Amino acid sequence: MHRPQYVTAAGVSAGIDMALRLVARIAGDAVAQGVQLGTEYDPLPPFDAGSPEKAPSPVVEFVDTQLRPMVEGRIPA
């Protein structure tokens, strides 16, 4: 299967959508959903994970574990 060498998008939302698709391709859907949740991106995104109520519970738990120390001013050990 031929994979393109370049991926482009025009506009802010399109760029975020493109980035989420690239993250999903590289690291998997769960990681892309975590990025989406962490950025609270929820207009009409490629994944329906822009709020804790919509994201799968393992993704919510992962993002909470990773972001809480930053929000609280601590760096994870």
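Among contacts in the protein between residues at least 6 apart in sequence, 26% join residues at least 24 apart, where contact means heavy atoms within 4.5 Å. What you're looking at is a predicted model, so local features need pLDDT of at least 70 and side-chain atom pairs count only at pLDDT 80 or more, while totals for chains, interfaces and linings use all residues. Numbering starts from 1 along each chain as its sequence is written, and side-chain values use heavy atoms, with hydrogens and water left out.

**Overall layout**

- The protein has three helices and zero strands, and from the N terminus on its elements run α-α-α.
- Those labels are DSSP runs numbered from the N terminus: helices are H or I with at least four residues, and strands are E with at least two.
- Along its principal axes, the C-alpha trace spans about 40 × 25 × 20 Å.
- Buried residues make up 22% of the 77 residues; buried means under 20% relative accessible area, exposed means over 50%, and partly exposed is in between, with a 1.4 Å probe and protein chains only.
- The protein exposes about 5700 Å², and carbon and sulfur atoms supply 59% of that.
- Accessible areas come from the Shrake-Rupley method with a 1.4 Å probe, and for residues only the protein chains shown count as cover.

**Helix α2 and what covers it**

- Helix α2 takes in residues 29–38, and its buried residues are Ala-32, Gln-33, Gly-34, Gln-36 and Leu-37.
- The cover over the buried residues of α2 includes α1 (12–27) and α3 (57–71).
- Gln-33, which lies in helix α2, counts as buried because its relative accessibility is 15%.
- Setting aside neighbours within four places in sequence, Gln-33 is in contact with Phe-47, Ala-49, Pro-56 and Val-59.
- Leu-67 has its place in helix α3 and is partly exposed, at a relative accessible area of 31%.
- Gly-38 and Leu-67 are 29 residues apart in sequence, yet their C-alpha atoms are 7.7 Å apart in space.

**After α2: a positive phi**

- α2 is followed by Glu-40, with a positive phi near 50 degrees.

**Salt bridges**

- The count comes to two salt bridges, going by a side-chain nitrogen of Lys or Arg within 4 Å of a carboxyl oxygen of Asp or Glu.
- Asp-42 pairs up with Lys-54 in a salt bridge, with the closest N and O atoms 3.3 Å apart.
- Both Asp-42 and Lys-54 sit in the loop between α2 and α3, 12 residues apart, and the pair links distant parts of the chain.
- Lys-54 also forms a salt bridge with Asp-48, where the closest N and O atoms are 3.7 Å apart.
- Put together, Asp-42, Asp-48 and Lys-54 are linked in a network of salt bridges.
- On accessibility, Asp-42 is partly exposed at 31%, Lys-54 is partly exposed at 43%, and Asp-48 is exposed at 54%.

**Rings and charges**

- Arg-21 lies over the face of Phe-47, at 5.3 Å from the ring centre.
- A charge sits over a ring if NZ of Lys or CZ of Arg is within 6 Å of the ring centre and within 35 degrees of the ring normal.
- The count of aromatic pairs comes to zero; rings of Phe, Tyr and Trp (its six-membered ring) pair if their centres lie within 6.5 Å, with planes under 30 degrees apart counted as stacked, over 60 as edge-to-face and the rest as tilted.

- Val-7, Leu-22 and Ile-26 make a nonpolar surface patch of about 280 Å².
- Patches are made of residues with over 30% relative accessible area and no salt bridge, joining like charges within 9 Å and nonpolar side chains (Val, Leu, Ile, Met, Phe, Trp, Tyr) within 5 Å.
- Val-7 is found in the segment before α1 and counts as partly exposed, at 41% relative accessibility.
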